Amino acid sequence: DVFVPGDQPRGVGVEFKDSACVETGVIIFLEIQESAADMGKDFCITEGGVQGLKATTACTKRISSNWFGSDRVFFGDSWFSGVETAVEMLKVGLHYSGVVKGGSKFYPAARIHAEFDPKVREKQGRAPAKRGDAVYLKTTVDVNGTPTVLWAIGYNEPGVKHNGSQMIKKHVTSYGTSVTKDGKPSTISKKRICVNEETGIVEDVVKIVPCPQQILDYYGGSSGIDVTNHLITAIGVHDAWAARTWWKRMFAWLLSVMEANAFRAYTKLGNHPSVSHREFTNMLSTQLMRNMFLGGAAGRRSQQKKRKAGGEEAGGSDEDEPLQHEIFRVHEHTQYSGDMAAQRTCNICKQRTKLFCASCTDQSTTIGGVFLCGPASGRQCIPIHIQRMMIRDHMM
């Protein structure tokens, strides 16, 4: 669930509902939230329509529609979750697991809270609930004429500032109630800072707490989209652009989504787990600014020069080699070799410069050549040259 805020009071914000791959964190589906009337015309009609589904359930079915019948598990937060959502997902060949708020229709929240209520347990002669205790409640629902079991799970996981009711994590799930993994009880590690009573030294302590496997799966899977959303916010193209219309702001946000998706795929699928987001962004920016993957006439000329210098075996066809704008100092030019003070006139701004583009310059002669001012001059001659080459190659 993503909201791209706008500059108030102009109202250029856009809200999306999205789904992402659990394994990679790549966002694989986006849906723009429109008016109630427009959303009512979409697939999986919302409340008041033919199917009579709630807006949350209808949205869940839409963003998972590409995977109907695949028997996959969809994890959803409290906005999507509910008994009706889990049942509807089962009808289309998908499982569902998600955290539920107390007010969800048909969900036995009161029964779960009573299970952990100290007063109720005291009246029943039972000891207070311990951290990590869980309760499982099941019901049978009709799924396309087949009785199917649906589970409600309550998990006692107290927080520092929570009251009694908020300590209980409530989930609805349709894919089993196993509390073990590989034959061993499922647990979660909690890091705590404690004072050693004997030495008085502050120490890091790891506590092992029992935890149902379904809840471990949920928090392990749902965190993927949260990390990707954080990366999108960190990139912040939609914040850098002063957009005054919603569609421009949405387009800028989608650029951030593409960059975040590319990073997640690069690290997860490209076998580069140690590359940080900053390093990836720097590499991508450098490649885009230098046009390292641009083909066209200039790229073919660069490849032809390399083959002439190293023989025909040095490369494949003219289209194989991407254009790489390589910037060197003028004294590295074949015709000016050794002259450390050599300068030429910039092709863009006509100022004197000590740099040239080796990819676009014939070094066998002093006639012509592409000489450019560098970033230290404060001018944008190199980017302008690259843009002009892009335009010319696309026009040819």
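This is a predicted model: local features need pLDDT of at least 70, side-chain atom pairs count only at pLDDT 80 or more; totals for chains, interfaces and linings use all residues.
View 1. Five strands lie in the order 4-5-8-7-6 and form an open sheet of mixed pairing. The edges are taken by strand 4 (73-76) and strand 6 (134-143); each has a single partner strand, so one side of each is left without a neighbour in the sheet. On average, neighbouring strands of this sheet are turned by 15° against each other, direction ignored. Strands of a sheet pair through backbone hydrogen bonds, and this pairing is either parallel or antiparallel.

**View 2. The parallel pairing of strands 4 and 5.** Strand 4 runs in the parallel sense with strand 5 (residues 95-99), and four bridges join the two strands. At one of these positions, F75 has S97 in strand 5 as its bridge partner.

**View 3. The hairpin of strands 6 and 7.** Strand 6 pairs with strand 7 (residues 146-156) in the antiparallel sense over ten bridges. The two strands form a hairpin with two residues between them. V143 stands opposite T146 of strand 7. In the turn, N144 has a positive phi of about 55°.

View 4. T173 belongs to strand 8 (residues 168-173). Buried means under 20% relative accessible area; T173 has a relative accessibility of 0% and therefore counts as buried. When neighbours within four places in sequence are left aside, T173 is in contact with Y96, S97, L150, W151, I153 and Q214. Among these contacts, S97 is also the bridge partner of F75, as described for View 2.

Key. Residues are numbered from 1 along each chain as its sequence is written. Side-chain values use heavy atoms; hydrogens and water are left out. Two strands pair if DSSP finds at least two bridges between them. Axes are lines fitted to C-alpha atoms, for helices over the stretch in contact, and angles run from 0 to 180 degrees between N-to-C directions. Buried means under 20% relative accessible area, exposed over 50%, partly exposed in between (1.4 Å probe, protein chains only). Contact means heavy atoms within 4.5 Å.
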